[in-house]
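Here is a note for a colleague who is opening this structure for the first time. Please read the points alongside the sequence and the model.

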Amino acid sequence: MKKDSKLLKILEYLEANEAQETRDYYVPSLWMGQEQGASHPVKTNPFTFFKNAIKEITAPTDAAVNYNRSLSTLRSQIHGYGGDWTYQSAFYNLFPRLTTAYDHDNDGHVGSSHRMDITSSDNGFRETGTLLKCIAILKYIRDLGCDTVYMLPITSIGEDGNRGDLGSPYAIKDQYKLDENLADPLIPFSVEEQFEAFVEAAHMMGMRVIMEFVLRTSSLGGDWVKTNPEWFYWIDRHRAHEYQSPEFPANELADILKIPKGGGFHFAPNNEYRSLFKKPPTPEQIQVQDGKYVAYTDEGELIIPGAFADWPPDDIQPAWSDVTYLRMYNFPYDHAPNDYNYIAYDTIRYYNPELAQPAHVNRPLWDKIAGVIPHYQSFGIDGVMIDMGHALPKPLMEEIIHVARQNDPDFAFCEENFDVTQESREAGFNAVLGHEWRVTSREKRAGIQRIVQDSSERLALPYYGTPETHNTPRAMMRGGEPHCRVTYVLNKFLPNSIPFIHQGFELLEEWPVNTGLNFLQSETDYYSQQRLPLFFKSALRWNNDHNLIGYIKYINSIYDHFGWLLNNVHLRGNEKSMKIHYPETSYESVIGFERFDPWHPEHSILVIANTDYQNSQDFYINVPGTNNGKYWDFLEKKDYQFVENWLSATLQPGQCLIIELKKLL
């Protein structure tokens with residue numbers, strides 16, 4: 001325990017004030033270690049609840065865990081890359097203000113009944129999530145088999161243009177400040193102190209902490225606007241109704257779309273669009289009117305425009321109301337007033353080579369951005385996920401990684417990239433979002449089969465093994481509980497997959513956090529009118545009697561049983577570790593793969609799944625080199641017969657098999 005331990009100071013405060021607290025405080029029984037029967041919240045003294053949770057963390061008994069944060073590194077054993085502990089990690093995706101939101105006064109809703117107080121209950125409890133409550137559920141997360149907490153943005157949130165009663169965590173007011181609403185008012189500690197205690201608690205439990213950052217955008221009402229208006233784009237206020245993503249003629253668009261693959265040509269938006277943009281004002285010219293920044297200049301009244309989806313260039317999404325793009329390069333105005341003084345694909349993503357020159361670098365902004373991660377490394381975090389990191393200028397991204405790894409050689413970088421590429425590896429990333437989330441009920445067979453094929457090869461780096469993220473439909477929306485079960489088994493046993501539990505998945509949560517990726521148009525239209533948790537106060541279904549927690553733990557126990565066979569692959573150089581056999585059957589829903597360690601050729605693990613969630617399916621599968629006889633399925637706990645390398649059986653809807661095979665040598 002550190003001498004200046006914030007966690008210990010919080011514990012001391014709770015112990016000193018426990019007896020004076022008289023209010024009833026309700027928490028989910030799941031937070032108390034129960035897996036079922038969660039429909040009845042547990043009444044407790046809030047000080048007692050948090051005291052007991054922290055005492056359990058600060059009094060470790062598991063000698064196998066290094067509680068001093070010098071967590072084991074795989075860096076020297078794999079490829080020599082810092083941060084490669086991701087290869088053998090399991091992530092829990094924490095959205096703090098949602099994940100730990102709860103009706104603590106048991107009055108039937110989260111938060112106060114008074115609109116003016118959006119984060120606390122009438123009893124003074126903060127019912128939206130807090131960092132203190134995140135500390136309290138660390139044991140719950142670890143018991144799910146996760147050793148890494150992956151946090152969606154927790155930085156301060158701007159107000160201009162924000163949706164909902166909480167605003168989007170991606171509308172960042174100041175990258176260097178945390179969201180004060182994440183501080184629990186039960187204790188007199190700042191949000192920074194509570195975050196420091198959270199990281200310390202995670203390390204005490206042998207867990208790591210990853211934060212997500214968006215480094216190329218800012219809230220429209222960001223703190224940097226008034227101090228550094230030259231870091232932003234400005235448009236004519238009276239023509240703001242004309243602003244939208246620029247349009248390009250068909251022939252230009254066809255060439256632009258070739259740029260990501262190294263071809264095509266850059267084309268600027270038309271003159272009418274570019275004329276909307278004006279030279280940035282000085283700080284003295286900026287005023288605040290009705291919560292919005294307005295600049296009065298010789299060119300008229302100016303405002304900051306919202307961002308829009310920057311790729312593809314013909315994306316039809318309207319401009320976003322709460323965020324804007326930062327100006328990464330400053331092109332000289334004496335060259336031509338509207339040359340690159342606009343928001344388009346060639347100024348914010350695939351930078352025009354004429355613009356992306358060292359002389360045009362917006363150096364003070366780059367220095368500010370490059371300092372964000374070191375600032376949070378002072379809290380002890382172990383890694384970051386860079387939202388759209390590949391869209392930052394490459395030299396800036398290199399600088400960010402270099403500076404962070406100077407501070408911590410084993411610091412991990414994850415990337416929001418939908419492809420698993422060598423380019424990401426060479427850039428210094430240790431994991432990517434990847435492609436599993438794209439598997440839906442409409443493409444289960446083709447999608448999962450493609451993932452299995454990819455994972456059979458030596459991928460450049462691991463990807464998040466999950467059927468859902470905060471921007472996709474919930475797995476329950478796509479195939480119900482059977483889909484959740486199948487995807488968890490596959491993601492746990494595929495060798496290049498990082499098991500990734502998006503908060504609420506284990507609770508069989510159906511309500512999405514946000515729309516964005518892979519929604520049908522009808523779904524987007526519907527949910528855009530609803531109170532989505534990315535913007536509104538909300539809570540997970542902690543009171544469900546039925547959940548997936550026991551199943552997840554059981555699958556983890558099966559995996560751990562075969563740890564001697566499955567865990568050493570990446571330590572030996574990430575050799576090709578799995579052989580794929582497709583069932584020779586007319587039923588397209590059944591897939592399977594065999595995974596083995598070349599150092600133990602006499603054993604292998606066979607995983608088979610029926611991705612039809614309504615119908616049972618007969619199947620035949622040939623696994624060469626398998627001894628005849630009966631083999632035990634660890635999932636359903638029954639025998640299956642192999643005859644001359646062939647297995648035939650009937651799988652129920654969504655049923656999986658996990659079988660250890662003995663091979664002929």
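Predicted model: local features only at pLDDT ≥ 70, side-chain atom pairs only at ≥ 80, totals over all residues.

1. Residues are numbered from 1 along each chain as its sequence is written, and side-chain values use heavy atoms, with hydrogens and water left out.

2. The protein chain has 19 helices and 27 strands, where helices (H or I, at least four residues) and strands (E, at least two) are DSSP runs numbered from the N terminus. Of its 665 residues, 60% are buried, a word that stands for under 20% relative accessible area, with exposed over 50% and partly exposed in between (1.4 Å probe, protein chains only). Among the contacts in the chain with a separation of 6 or more, 74% join residues 24 or more positions apart; contact means heavy atoms within 4.5 Å.

3. The buried residues include Phe195, Glu196, Phe198, Glu200 and His203. Just after helix 6, Gly206 takes a positive phi of about 75°.

4. Helix 2, with 13 residues, reaches 18 Å from its first C-alpha to its last, close to the 18 Å expected at 1.5 Å a residue. Its buried residues, among them Phe47, Phe49, Phe50 and Lys51, pack against helix 1, strand 1 (25–27), strand 2 (42–44), helix 4 (131–136) and helix 6.

5. The axes of helix 1 (residues 6–17) and helix 2 (residues 46–58) come within 9 Å and cross at roughly 140°; axes are lines fitted to C-alpha atoms, for helices over the stretch in contact, and angles run from 0 to 180 degrees between N-to-C directions. That angle makes helix 1 oblique to helix 2, given that angles under 35 degrees count as roughly parallel, over 145 as roughly antiparallel, 65 to 115 as roughly perpendicular and the rest as oblique. The residues in contact include Leu7, Ile10 and Tyr13 of helix 1 and Phe47, Phe50 and Ile54 of helix 2.

6. Helix 11 (residues 363–370) and helix 13 (residues 394–407) pack at an angle of about 40°, with their axes 9 Å apart. Their contact is made by Arg363, Trp366, Asp367, Ile369 and Ala370 of helix 11 and by Pro395, Leu396, Glu399, Ile400 and Val403 of helix 13.

7. His360 lies in the loop between helix 10 (345–348) and helix 11, and counts as buried at 14% relative accessibility. The C-alpha atoms of His360 and Met328 are separated by 8.7 Å, although the two residues are 32 residues apart along the chain. Leaving aside neighbours within four places in sequence, His360 is in contact with residues including Met328, Tyr329 and Glu354.

8. Glu523, found in helix 17 (residues 521–527), is buried, with a relative accessible area of 17%. Leaving aside neighbours within four places in sequence, Glu523 is in contact with Met477 and Arg478.

Note on methods
Expected span 1.5 Å × (residues − 1).
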